[in-house]
Amino acid sequence: MTPTALEPARGEVVRHVAIAGNPNCGKTTIFNALTGLRQKVGNYPGVTVEKKTGRFFGSHGEAMELLDLPGSYSLQVRSPDEAVARDVLLGRLPGVPRPDVIICVVDASNLERNLYLVAQMLELNIPIVVALNMVDVAEKNGVVIDLMALREKLGVPVIPTVGTKGVGFIELRQAVSRSPLPAPAICAQMPIVLERETMALARQLPVAPEVARGEALLLLTLHDEALDAIAHHDRAIIDATRAAQQRLTASGIDPLSAPVDARYAWIGQVCAAALHKGGAHDDASISDRLDSWLTHRVWGWVAFLGIMALMFFCIFTVAQYPMGWIDSATAGLADFLKDKMPDTDLRGLLTDGVIAGVGGVVIFLPQILVLFFFLGILEDTGYMARAAFIMDRLMSKVGLHGKSFIPMLSSLACAIPGIMATRTIENRKDRLVTILVAPLMSCSARIPVYAIMIAVLLPAASGFQKAGIMLSMYALGFIAAFGMAWVFKKHLFKGDTPMLLLEMPPYRMPSLRGVLQRMWERGLLFLRRAGTVILALSILLWALATYPKPSDPEATPSEAIAHSYAGQMGHAIEPLIKPLGYDWKIGIGLLASFAAREVFVGTMSIVYAVESEDENTEPLRDTMRAEKHADGRPVFTPLVCLGLMVFYVLAMQCISTVAIVRRETNSWRWPLFQIAYMTGLAWLGAFIVYQGGRLLGFQ
Amino acid sequence: MNPLLDQFAVAALIGGALAFFVVRFLRKRAGGKSCGGGCGCGTTKPVKPGQN
């Protein structure tokens, strides 16, 4: 049967649905629950804001494209993130269709504040379905919402939901599937003079008639500077807006605050009819009680450090078993190939290049999954905002505010989302400082380097001791980030310390499904990277460590690798790294890991595997421990291991981060500056550890 | 295994790895000229930090 206009082809998207709402209202939980794994992450054209889309099916099986908009409090934007949400809703963004329906997620426990965005959305002439989320939390807080009254006052469908438990999703799908979905008929009543000016300006705007009023109202509420910065309208429109603003001021109406006042007056009426707060609670809520401990000036720090210590302890103990299995599997595969294949270059490439290189990195997958499990739980429970709050005092000492700490915390997973998260920082100088220091926070790619160095340094230590060393490396990253932020704010980007305005979401039970989904996504991303970039790099590194072969057929593997291109490169940088206690083989690792830190481990696996005369595959840790200089001294002494860890805490060594900094700052100046200062800092740090340690009599 | 075939397989793998990076670079470059997002959208320049 051929599809007709009313009956779309199978799988064809029939409706574009945007999901919008305030930050922390549960938007992403609803998005994840509706779309499952049918998600796609990209970028909005023209800006570097992440675009998350997914497909879901309506109540009749019709395919719909769901777009997760960045969280925003209003359409009067303050950050690039909020600008994207506004532009999508107004249909301004090329390549992104104006949504046919908006699912406006509203936090039921904070209805009054969330209704401001709803009030603005109702002015946009797009059909809206309100998802009244977290009704369970509202109920617990004694908030009673009269649904019928709320539906009547808003004039749009209102569906109560509990995103974390999947409550209300069937009704939500049904509401979005309804056809036809009428545009909202009710919105906040503006003063008559303002309404007249808005409609007059709307008629002049070269936009679709259905968005003209909303667009005109937004233009009228812009101050002079913001009007000057507008690039998407002609000068004539800007002049007309200014003239309208002057006429409004002359008639006693402030164009900037009048629409806001009108919306709040309307919200007041809606809440008076639909919102009933139960008997006042004398006891502090559980969130408040928890906050009195977790944001306490002493206990808050104890809790923060305790949580971090527990996380690293689990990274070492829980992940140990699956790591052992992966290690045995890769060693078994390499031994199998060595048994079955003749000793040729191809066998060398497969066992010493591909298996040693990729296996050397993949082994750390369990530790990375444990890290993301913890980060997911901390995010879902709402603890991240508390961590930013307790850090604010420290951050203000270096001239930044707690908001800058959230991108830095995200950088614990990976500097890329961390740097992208700086888009929520309004001040340009503060944003640049945060971008410059965020890669100093230890990301998950450093885990393989720390883990192997700790294993070489303390092979028989307990999980607690290993976790302690790893925690101190993370602490060093924090200290370096704060110290450099202070230097930059003091000398490079002088400015006042901004005040922190941070929303503390109530504590919530984390959704296991959401946490596992994020672990799955991150694990897949790590494996994809191992199967593509690291696989290709491993092959090239093996080639560099194998060719050219020495002319003497009797040459030992050590002489052969010294003669190779990689060996020559290692020797070339040896004078630079000798003061750090490193030999030319470590130099190869440092050079190769400029692309990505974790490549260091794979490179060392390849270098030692190519050099090894042993037919059985030894764990890298044992090979490194046995490695000796020509004079018989061990290469990986405690000072060298510590120095290497310090080097990787401070060094940039990530080409993807360089690319993202280039993209976010729209210039090569900052990423190049960042590479220079971080590499210098890393060298200095490793030098102080090695030479300072030797001066104190350590090895 | 035939030594020629062995050398050919090694060369193919190394060539493939090199080609991977060249294609990756060219694709990024094509995307980067637009928004820098690597999506090949062919639209406007990215915003500077703090400007909206």
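A charge sits over a ring if NZ of Lys or CZ of Arg is within 6 Å of the ring centre and within 35 degrees of the ring normal. In this predicted model, the charged end of A:Arg386 sits over the ring of A:Tyr507, 4.0 Å from its centre.

Residues are numbered from 1 along each chain as its sequence is written, while chains are lettered from A and ligands numbered from 1 in the order in which they are written. Local features need pLDDT of at least 70, side-chain atom pairs count only at pLDDT 80 or more, totals for chains, interfaces and linings use all residues, and side-chain values use heavy atoms, leaving out hydrogens and water.

Let us start with confidence. Chain A has a mean pLDDT (the predictor's confidence in each residue, from 0 to 100) of 84, and 93% of its residues reach 70 or more. Over residues 1-8 of chain A, pLDDT stays under 50, and the model has four contacts (heavy atoms within 4.5 Å) beyond four places in sequence for them. Residues 43-48 of chain A also have pLDDT under 50, with 39 such contacts. Where pLDDT is low, the predicted coordinates should not be read in detail.

Now for the overall build. Chain A contains 31 helices and nine strands; these are DSSP runs, numbered from the N terminus (helices H or I, at least four residues; strands E, at least two). Of its 699 residues, 55% count as buried, meaning under 20% relative accessible area, with exposed over 50% and partly exposed in between (1.4 Å probe, protein chains only).

Next, look at A:Arg263 in helix α11 (residues 258-274) of chain A. A:Arg263 counts as buried because its relative accessibility is 1%. Beyond residues up to four places away in sequence, A:Arg263 touches several others, including A:Gln76, A:Glu123 and A:Leu217.

Finally, turn to the aromatic rings. Rings of Phe, Tyr and Trp (its six-membered ring) pair if their centres lie within 6.5 Å; planes under 30 degrees apart count as stacked, over 60 as edge-to-face and the rest as tilted. The structure holds 17 aromatic pairs over all chains. One of them, A:Phe600 with A:Tyr648, is tilted, at 5.1 Å centre to centre and 50 degrees between the planes. A:Phe600 lies in helix α27 (residues 599-611) of chain A and A:Tyr648 in helix α29 (residues 638-650) of chain A, so the pair ties together parts that are 48 residues apart in sequence.
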